[in-house]
Amino acid sequence: MNRIARAWDSDIAWSFRHSPVAMLAALVALLIILSAVLAPWIAPHDPFNPASLNLMDGFTPPMEPNAFTGNVFWLGTDNQGRDIFSAILYGARISLFVGFSAVVFAMVLGISIGLLAAWRGGWVDSLLMRIADVQLSFPSILIALLIFGIARGVIPPAYREEMAIWVLIVAIGLSDWVQFARVVRGAALVEKSKEYVQAARLVGAHPARIVLSHILPNVMGPVLVIATIGLALAIIAEATLSFLGVGVPPTQPSLGTLIRIGQGFLFSGEWWIILFPSIALLALALSVNLLGDWLRDALNPRLK
Amino acid sequence: MTEPLLSVRDLRVEFPTRRGTLTALDGVSFDIMPGEVLGMVGESGAGKSLTGAAIIGLLEPPGRIAGGEIRLRGERIDILSPDAMRRIRGKRIGMVFQDPLTSLNPLYTIARQLTETIRTHLPLSEADARQRAIALLDRVGIPAAARRIDDYPHHFSGGMRQRVVIALALCAEPELVIADEPTTALDVSVQAQIIDLIKEICAERGAAVMLITHDMGVIAETADRVAVLYAGRLAEIGKVKDVILDARHPYTKGLMGSIPTLTQESDRLVQIPGAMPRLSAIPQGCAFNPRCPEVFARCFVERPEPVKIESGRQVSCWIEEWKVGHG
Amino acid sequence: MTRPFNRSAMRRVAASLMLSAAVLGTGLTAASAETLRWARVGDALTLDPHSANEGPTSTLLHHVYETLVRRNTDGSLAPRLATEWFIHPDDPTVWVFKLREGVKFHDGADFTAEDVVASVTRVTSETSDFKGLHTAVAGAEAVDDYTVHIKLNGPSPLYVQNLTNFFIMDKGWIEANGVQTPQDFKAGEEKFTVRNTNGTGPYTLVSRDPEVRTVLALNPNHWDATPAVTEIIYTPIKEAATRVAALLSGEVDFVQDVPVQDIERLSNTAGIAVSTGAENRTIFFSYDMSSDSLISLPGDNPFKKPQVREAMALALDRDAIRQVVMRGQSVPGAQNVPPFVNGHDAALDAYGAPDYDRAKALMTEAGYPDGFSVDLNCPNDRYINDEAICQAYVGMLGRIGIKANLVSQSRTIHFPAIQNGQVDFYLLGWGVPTFDSQYVFDFLVHSPADGRGGWNGSRYSNPELDAKIASLATETDLAKRDATIAEIWKTIQEDRVFLMVHNQLLAYAAKDNINIAVHPENQPSMTTVTFK
Amino acid sequence: MIAYILRRIVQSVLVMLVVALVSFSLFRFVGDPVATMMGQEASQADREALRDRLGLNDPVIVQFAGFIARAAQGDFGISYRLQQPVMELILSRLPATLELALISGTLAFVLGVGFGVYTALNRRGLLSGAIMTVSLIGVSLPTFLIGILLIWIFAVELQWLPSFGRGETVDLGPWRTGLLTESGRASIVLPAITLGLYQMTLIMRLVRAEMLEVLRSDYIKFARARGLSDRAVHFGHALKNTLVPVITITGLQLGSIIAFAIITETVFQWPGVGALFINSVQFVDIPVMAAYLMLIALIFVVINLVVDLLYYAVDPRLRVDRTAAQH
């Protein structure tokens, strides 16, 4: 722990303070995350409650009163009369929820597999790493689609809608664990051979304890980097799947779904339906990516 | 007295970092005479390798020469254009690195790497360059050089590879060879052979050698003179014999204690308690003061400048200053 | 003919993309005047002419296969492969067809009465999706080479109205390829007829790449006047924006399914003309009103309660859907039949404003004060803004406590699910090619039995009504028949079998040098297209 | 060498078997084929008869063996959705995807390596910064959004390029190509850019990172110390060493390009296997999904094998343990 604390105290914080890009990215990411988390309290409308929508509000341009209802919406409304601003907040909420959950899932899975491989060694290691190799060559979007397809076949239609978001999380998470596993395995192999771990083993300390107290802190840096970049990837994967129409249901639009809806109105003059969600998605993914990039450089002094 | 081949005066190397500028070398001055072997000794981080890198103009950014001058046969080389400096590297100053396993490009044959270097510096045809390369390999002791020249680096053992590296460093007949810990990465059994080879082949060609090592034993056997670096400053410089027999600087004295452990791989000087300070935390006054057994008040206040105590012998220590002043 | 791409602009982009001009070429080939590049949202489901009774499928097939009779845009019948048809003077249960002479199939075989007989046998077989139109048929007989008798179970004065999508196949070809029965579409059967055709139509099949493109070329031996369009390239483009972009960029000549939101933009684009017109098609919701347990609400079925059905009707704001979702491109109504079909009644078609208070009261009365939750199945690639209509209604239902979970799927999944009784609550559209209400009753209202009720997803079953529906087929007194139709409609409306939304308006967009009129059944024939 | 290839082939077969098991499980356990093929009203006897006919009552291992045997002959059954033999469908769509993948892959590789090398060599340059930032935006923009943007700008507003499909195609035997017609070539531009952009940024970042790593290596330092010109160091030594891992990873990327084509094909209505797959996923068209999976696995295995052999050819060290060489 104090290793992290020390690192935080020194290099990272310094580098952060002196990187305007990182600070701006962090600010944007924080802003989006905060407003997504607080969406139910700060959003003017609840776009997920169909009963609260008034169809007549549909297609209201930004900052202009609706011709029928006279209502004004900051960023306009979509074809169902959903307030785009609220929809973006709620959509980002879904995107972030899926993103974070998928990354945590991938991280837990990857770290466990990585540690298991390193600890057991032998055929367990070869088998797990071979699987990782094979999976790495299958792009995550394909694996996610496949899992989605399987889920579609296995889950009865009645539950599909409720399960959709979990299917998405599992699909994205399952497609993303390999990076974590590799880093953790590598670090664990190095640590495993070190004297103190051997000593701890001799004294009879539980392997899990050794692992948790000695190995994990050492890989926190790279894991954090992978997790950050993974978060951006997961957000984009979620948007892509929703855009392809295999993600969340249309009544609970994520950013990708909003863009899919907006695409239909690209030529008819309702530009705000696609523009604002796209900007939000780009801002979110870009800021997280910039943070990840910066973090990687900051944690890897050799690249300085 | 002949003109020095290489003359370093008040060399100062700095690394600007986010926490302010670190001074890695400070006020380092020494000469190397033609054909002479100068040993450069010190612990890791003392600045030995940096000195070598500064001389051939390959300091890694953001490191830079912040003061002093380096002259090669009287000509300033620290302010040359990158291209002019490049023409000196390999041609007039050759360099041998620590690890022969990583010094050679694994994807090219020995022949390609040798002829490429030769033809960069000498106006030879491909065939002539190859002949020269074979001769060189032969000279550095590669058996069946004509056949093995087309092998890839990984076909050679560590010791053989270092011989190839030496051949590469020497292929344009440089006047000075900087050998940066040329044996550290090698098996103990071949270390002596390589050192001998360097010494022998340079002597044969009249090239001076700057031998960077942390091993006082190697210095004792090989060098004409020795420079002792501590925390980026020159602690003592003089003839090997003098320094060994009559070390003046308390640090050198401690260092001498490590000579008998010639065969032992050790980067730390067990005889002196404590460790060399980090560059960011060099104490005020004499950098050695926390570890010095003979420390006294002045050492904490003022930094000792090198004191010339006899011809070619300098020591940076208040005790010597005091002796000279009162002698 | 406008050139779709500006050549020098093409070069500029080529240069800026650092691609060699050789890779790119110097422009796109413009379609020749005779080729019509036709885009619509989905592909024909199959090329088997008796396998899927579905609009886009029949539309394409009309270019390859032909029917005995065809319908004019005013609803009247015109000769096609039959030159004359009448009820046998001696036997009211027999329809007589005089066939056109000198017609050849694409493979060169002569068209004769035997072919019609074989086609009748095929279209009435078990796996036929059109058998509901031919329930009255007892058998067919070739009297001579060019005369066919179709024998019915009883007198059926309107039977000929059912024949506008009855495609005639070649007997010899059927036998040679072993395709005596239609492809079982529901079961996903593979058959020779799915991708091979042999009709008498004005165009022959050149190539077919399902979901990619289908190319048809002029049949030089066709009996009728030679059309202006000599080649048809039919391209399904699922994404609405891509479809519009393709027309805007000149890659297609004719877009049949113009998204309502793009009508204005396209109308204002130079070189493109948009025409709109009413379609013979209603869009409606329906629900399983007979099962005791719903798939998505096990152990209960609120749709069985009349109050619930009434409440759902009161919650439907048709005008809002017209205004926002359809952008005015629809004619809302309450009777599930288009205005120009026999049996339409303006009084029944009148609809009221939504009344959410009354609806909520009815829900409470029905025992669902807190509403209930159910799946709403919806196609997303068939009707104009189908998914958006469903979504809008989900919101409206939400206001009376009904939580409808939108399950939005491709029509290729949606339709079999309805036919297999795997949906509780769904959206469907229905066109009436016969221009008579019986068609609606036969497929949507009659209990699923006796070859009828194939699309009766509500599983509505009223034996009394079934009898009345069955009587329509053989009733010769047209006044009496119309009265029965009115009675049936009255019961349907009282029982709220359908929750009618609106009649679709169609919008076609094409290059403005192409004359193409909106077809009320949305089955435009490229033979009628002319160029300016 | 032979033994090495054999080992790799055996490994490839094992991978294929594992993927086949997944495919088979899809067939066997996801979505009851009987339920899919028969309506609700089918009788129990009918169902049993169909089960028997489909061999679903055999032991699972027998079914799996049958599946493998049929798969090896390219028989994946009939698509539930399009009622066409799956293999026929896939083969008819494959050329479209392969052409798109190859062109965008080439585009991505050439530009990716170029930009990567440039940004690595000019780390602190303004243009490098700009390229890196733009590349990050490229990574952050989902492919579908890029596609929509390109259609909007180049097809609708400027009307320079087609927005969908492959244009005119020409059949060369079983291979339907769009590259021989003007409209076909114009049609591939936007999809190829859309598909290649993301891969390009990946390759660029990879090349940059590898190149920086290589530039820090000892043999580069030694090459500089030998006085080789920047040009020789950067392009003679650094680039080649950079490209070895880059080529292997890029080779594997080709497989992912084919899979990533799913999105591009959807946006551009490109009639390839990706669009086929996504429609199949929505329809739960198991035979097509299973066959697509096997196809991608096969492509992966073949590419992997080719990359291995390439690696074997390029890297003289004959590093058999590829996993260690990967990153």
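This is a predicted model: local features need pLDDT of at least 70, side-chain atom pairs count only at pLDDT 80 or more; totals for chains, interfaces and linings use all residues.
**Exercise 1.** Determine how far apart the nearest C-alpha atoms of chain B and chain C are.

*Solution.* The nearest C-alpha atoms of these two chains are separated by 32 Å. Chain B and chain C do not touch.

**Exercise 2.** Describe the side of chain A that touches chain D, by residues, helices and residue classes.

*Solution.* Step one counts the residues: 36 residues of chain A are in contact with 36 residues of chain D. Step two assigns the helices: H5 (122-137), H6 (140-154), H10 (207-243), H11 (255-263) and H12 (272-299) of chain A each supply at least two residues of this side. The largest share, ten residues, comes from H6(A). Step three sorts the residues of the side of chain A into 25 nonpolar, eight polar and three charged.

**Exercise 3.** Locate Thr77(A) and decide whether Thr77(A) is buried or exposed.

*Solution.* Begin with the position: Thr77(A) lies in the loop between helix H3 (39-42) and helix H4 (84-120) of chain A. Next, apply the cut-off, by which a residue is buried if 20 or more other C-beta atoms lie within 10 Å of its own. Thr77(A) has 30 C-beta neighbours inside 10 Å and therefore counts as buried.

Then list the contacts, leaving aside neighbours within four places in sequence: Thr77(A) is in contact with Asp57(A), Gly58(A), Phe59(A), Thr60(A), Arg82(A), Asp83(A) and Ile84(A).

Finally, consider Ile210(A): Thr77(A) and Ile210(A) are 133 residues apart in sequence, and their C-alpha atoms are 55 Å apart in space.

Note on methods:
Residues are numbered from 1 along each chain as its sequence is written. Chains are lettered from A and ligands numbered from 1 in the order in which they are written. Two residues are in contact if their C-beta atoms, placed from the backbone, lie within 7 Å. Helices (H or I, at least four residues) and strands (E, at least two) are DSSP runs, numbered from the N terminus. A residue is buried if 20 or more other C-beta atoms lie within 10 Å of its own, exposed if 12 or fewer, and partly exposed in between; C-beta atoms are placed from the backbone. Ala, Val, Leu, Ile, Met, Phe, Trp, Tyr, Cys and Pro count as nonpolar, Asp, Glu, Lys and Arg as charged, and the others, Gly among them, as polar.
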